[in-house]
Every structure is written in structure tokens, then in C-alpha cells.
Amino acid sequence: MNFSNSFAYIPLFAIAGISLVVFILLLLVRGKKTARISFISLLGIAVLGIGSAVLAVIQLTDPDNDQFMFIYFTAVFGSLFLFLPYSIILLTFEPKKIEKLVSPKYNQQIEKVNTIAEAKEKLNGELGENDKTMLDISQQFMVKASECFNADNNMNALLDYVNTTIRENIQADGGAILMVDDFEDVVSVKSFDGDFPPPYKLPPDMPHKPVRVATNFKFATFPFKDNLFGDIVTKGKSELITKPERDDRIYQNGPEEFLECGSYIVVPMKNNDAVIGLAAFARKRGNIVFTEDELKTAEVLSGFAAAAIKIVIAVKEVIERNDVSKEANIASKIQEMLKPAKLPVINGLQIGSYFNPVEGVCGDYYDVMVSRKDRISFVMSDIAGKGLNSMVVMTMLRAMIRLVVNTTQSAGKILSWVNRGISGESFSTDHFGSCALINYNPVEQQIEFSTGGTTPVLYWSSRNQSFTQISVTSEPIGVEKSTEYKDFVQKVESGDIIVTYTDGLVESLNDKGQQYGRESLERIIKSNNNSSGKDIANLIKADVKNFTGDADQYDDQSLLVIKIQ
């Protein structure tokens, strides 16, 4: 038996034992998180320990192994002794000592962050209870504003909350929030709560009863002058009124006690120095008058309220613009579907058209219908309003005309029928439009036409080389149900031209604000009267675009040119 091999199991068992100790130490290090110990390291130690134990058992049962095994195991044994103190160091290592390994620049940044955090904490500690209350109220205003976005009465809910909150904080008997209407230069009450003696003159026929007076105030509107509220909107400065009898802007409505004016605080709510509304509060006569501190409180809270209100207004405007944009897109697509995809080819006629719709308007409609052998109908219409509202009227107008144009009724009678259909009680008075219906009879070589509103019908006489407007202005379609439209007849011959258009064409603007004008239209037709109807329409189109350039247009442009061959 080889002596060296007979004792080889001794270092093997030692390796297995030390591996177990190291494995346990590394697990403790991972538990304390003082260093990152990988799973592979743990696995390696475990394999080494288990492998050594297995080899030790084999050596005991079969000691006649290679003599170099003893040397190898001795080397492994030595390496584990080096790893053992390293594991002990890791176990006793403190995390705070890591800072020595970090760059000085990083340590300076850490110290700066800690200083800022300490300063914020110190600032919060220095805030008084009143300041903290103000900040809490500001936060609540913003929260309330965000809650209002999904509510139908979003602005009313926010204004009521603002009114109640400020009134309670300054212990006012009554409060009101008024909002500015820039289009009409008035300020209107939008929220009203509590007992608020009106500082304005009540209507002389109004009974002096609390309910009636409160109702009057709740729906009151004030101009920008000759009253307390309008004056403060104009000046843009807060006012504390403790002696109303000396203020000529305040009217004493007495003698009833509830009408006697006490003290008032009126604060303008601003956004970027522009007054968007007022916060007004009152105390009844006989109560302690408002103080300067309460005025300051009202000013601070009104400033917070103005920011919240402006957020709701801005969001509402965005939503409305999006809704209008979506509505306009839908209406424009329908309008495109309603216009003729292609003008029909008709013996004895040359037809040209020009149609330039303006985004978001959707007011013009034209049509060409071959009704019978003795009737070819042309329609040019300009509907008032924008978007889907005008589209509804346009669709009804088109459907009814197409339904009755095949009858033997005259153009005037057809428009009268259509007018009665559109002037139903379910429509408001702004659902109306202008319309020209032209029926051409190729057998008798004449046109029969009728117009409702201002849509013109022009006649170019090839014989006389002259222009004439053969239509007359009448009641628009959809205004008065009983309106009867007249028929007009015009004999035509080869070379004559019939023109109808909407006012958006001749009112097209250039960058100087000048209108294209009917004279320009007639000039093109007169200079090119020998051209086909299609060519004339294209020439007018080019002339209008050359005149307007890149200037924005605000109304649809439509044209029909009918030339008799």
C-alpha cells in the first residue's frame, strides 16, 4: 500500500468540511446583503464539498489510487483556506463603508440632495396652519376641476364648490361667482348661495320677498359699467366695502331688513392678467364687517379658483373643437357623396361645374338630373349654418327635390312643396337656405326656373352679347311655411349661357381682404363665351384661385355653367 494514498482520504474529508462551512457563510452573506453572492458560487462550493466527500469514501475503500491525487487535493485544500477568510470578511462587512469606494463628485451630489430634502422638510415645518389650509384648498380646487371633466354640468359644479369653500373660509353670509362673457361685454351670475343683499337696483315691479330677490340675483347679468360688478371687472382690482352707504355704485333697496346692504368683498379672478370672473361675498347689516385679512384670504383662494376654472375652460374648448372637427369631417364626407360624381352628357347642352368646399362649413349643394325627355333639372343651393346642422337640411332638400322633380309640377311649385317640408315645426328658424331650381326644356328651347333666397341665375345672350340677372331675391327656403315661389321662363337659343353660383364664389377673398366679385365672373364668361361650358367653368376656377392665392376662405364656392348648343 502506498503511504501517501493511504492517507489521501484525510484532506478529502477536510475539503468537504471546509466547503460546508464556506457554503453556510456565503448563505449568511446573501441574507445580510452585505455583498452580492452569485448562485454559481454557491453551486461551485456545494459541488466541491460533495465531490470531495464522495472521493474520500472511495479512497477509504480503495486506497490504491494514483499518487498525484494526493497532491491535487492538497492544492484544493490550500485554496479553500484562502477563500475561508474572504468569506468571513464579507460576513462582517458594513454597508456604510461602501462610501469610500464612491467618487468624491458623487458624494457631493448625494450631500446636495440630502440638503434639499432637509430644506423642504424645514419649510414644511415653518408653514403656519393657515398656509397649510390654503394649500389644501388649492389642491381640492384642482381635484374638483379634474372631477368635473366627465360631468355634464362641469363648470356649474366647480363654481358652486368654489363659492361655498371661499364663503365658509371668510364666514360670509352669502356668496356669488360671476363669469365674464367677452362676446357681449357682460358679467353673469353663475353660482349663488346664502343671504346676499343685492347691491344693484331691483326691478320696480318685483315683490320684495327673499325668494323672488334671490331668484333675480341668481340669474342676473351686469354690463361693464354703471354697476359695482362691472366696474370691478373693468378695473381688475379687489375691493373691500365696509360702508356701502358712501359708495354710489351700491343701491339701497330697503326698507326691508334682508335688503339692507352690509359689507362686501369683491375679488376679480384672473388668468394672465385678464379678468375671467368675479368672486363676490356679503355680510348682512348688523354683522361684523369684513376685515383686510379676510380680503386677503378671499384673494388667495380666488386666485387658486381662477387657475382651476381656467383648466376646465381650456379642456372644454379642446373637447368642443374636437367634437366640431369630427362633426365637420362627417358632414364633409356626406357632402362629397351628395354631389354628382360625374356630370351627365346631354345632347344640346355643354355643362361645366366648379366646387370648392371649405373645411368645417359644408353649406353648398348642386345637382343635375335628367328627369324626362322634356325636362333636365339643375339645382344650386347654399344652406345656412355649418356641420351636421346644415347637412341635415341639405339632405332633406336634395331628397325632396329628387322626389318631386319627376312630376309635371313647375319649378316654383316644387320649391313651394320643398319649403313646406323643411319649414316643419321641428326645425328652428336657423335651418334655412337659398336654392335655385332650373328646368331646361330642350323641346321648347326654354328654361323655367324659380329661386328661394339669394342664389342668382344669370343669362348670357349670345345674340345681344350681354349679361342679365333673370332671378329675383325672395324668402329663403325653410323660413316661412306659407311662402309660395314664383315661376320664371326664359327662351334660349344656341350659344346662350345660363350661370348659377353660391355667394362663396364671388365673395372669395385675396390676401388684401378684397372680394373676387360678380364683375370678375362675368368678365371671364364674356371673354370666353365661345368656349364650352366645361372650359368656362375651368377658366373661372383658375381665375378665382389666382385671385385668392393662399388666403384662407370661409365659405364653400360652387358654380354651374350651362351652355346651349
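**Close-up views of a predicted model**

**View 1. Arginine 375 and glutamate 448 are joined by a salt bridge.** Their side chains meet at 4.0 Å, N to O; a salt bridge is a side-chain nitrogen of Lys or Arg within 4 Å of a carboxyl oxygen of Asp or Glu. Arginine 375 belongs to strand E9 (residues 375-383) and glutamate 448 to strand E11 (residues 446-452), so the pair ties together parts that are 73 residues apart in sequence. Helices (H or I, at least four residues) and strands (E, at least two) are DSSP runs, numbered from the N terminus. Arginine 375 counts as buried, at 6% relative accessibility. Buried means under 20% relative accessible area, exposed over 50%, and partly exposed in between (1.4 Å probe, protein chains only). The model is predicted: local features need pLDDT of at least 70 and side-chain atom pairs count only at pLDDT 80 or more, while totals for chains, interfaces and linings use all residues. Residues are numbered from 1 along each chain as its sequence is written, and side-chain values use heavy atoms, with hydrogens and water left out.

**View 2. Glutamate 484 forms a salt bridge with arginine 420.** The closest N and O atoms are 3.1 Å apart. Glutamate 484 sits in the loop between E13 and strand E14 (488-491), and arginine 420 in helix H12 (residues 411-422), so this pair ties together parts that are 64 residues apart in sequence. Both residues are partly exposed: glutamate 484 at 47% relative accessibility, and arginine 420 with a relative accessible area of 30%.

**View 3. A salt bridge links arginine 463 to glutamate 493.** The N to O distance is 3.0 Å. Arginine 463 lies in the loop between E12 and E13 and glutamate 493 in the loop between E14 and E15, so the contact ties together parts that are 30 residues apart in sequence. Arginine 463 is exposed, at 62% relative accessibility, whereas glutamate 493 is partly exposed, at 28%. In the whole structure, 16 salt bridges are found. Elsewhere, a network of salt bridges links Asp231, Lys235, Glu239, Asp247 and Arg249.

**View 4. Five strands form an open sheet.** The order is E7-E16-E15-E12-E13, with antiparallel pairing; two strands pair if DSSP finds at least two bridges between them. Strand E7 (349-356) and E13 stand at the edges with a single partner strand each, so one side of each is left without a neighbour in the sheet. On average, neighbouring strands are turned by 15° against each other, direction ignored. Axes are lines fitted to C-alpha atoms, for helices over the stretch in contact, and angles run from 0 to 180 degrees between N-to-C directions. E7 and E16 run antiparallel and are joined by eight bridges. Isoleucine 351 stands opposite isoleucine 562 in E16. H15 lies across E7, E15 and E16, at about 25° to E7.

**View 5. Helix H14 (residues 518-527) has its buried residues covered by strands and helices.** The buried residues of H14 are Ser520, Leu521, Glu522, Ile524 and Ile525. Their cover includes strands E12 (457-461), E13 (466-469), E15 (497-501) and E16 (557-564), along with helices H13 (503-506) and H15 (533-548). Contact means heavy atoms within 4.5 Å.

**View 6. Aspartate 511 is placed in the loop between H13 and H14.** Aspartate 511 is exposed, with a relative accessible area of 69%. Not counting residues up to four places away in sequence, aspartate 511 touches Thr548 and Ala551. Aspartate 511 and alanine 551 are 40 residues apart in sequence but 5.1 Å apart in space, C-alpha to C-alpha.

**View 7. Eight named residues line the largest cavity: Gln335, Leu338, Lys339, Phe355, Asp364, Tyr365, Tyr366 and Met394.** The elements giving two or more residues to this lining are helix H10 (292-338) and strand E8 (364-372). E8 gives the most, with three residues. The largest cavity holds about 30 Å³ of space, and one cavity of 30 Å³ or more is found in the whole structure. On a 1 Å grid over the protein atoms alone, a cavity is a set of points where a 1.4 Å probe fits but cannot get out; lining residues have an atom within 4 Å of a point. Grid points are joined across faces, edges and corners, and a volume is the space filled by probe spheres set on the points.

**View 8. Serine 188 is found in strand E2 (residues 186-194).** Serine 188 counts as buried, at 13% relative accessibility. Leaving out residues up to four places away in sequence, serine 188 touches Ile177, Leu178, Met179, Ala220 and Thr221.

Key:
On a 1 Å grid over the protein atoms alone, a cavity is a set of points where a 1.4 Å probe fits but cannot get out, and a pocket is an open set with protein on both sides within 12 Å along at least five of seven lines; lining residues have an atom within 4 Å of a point.
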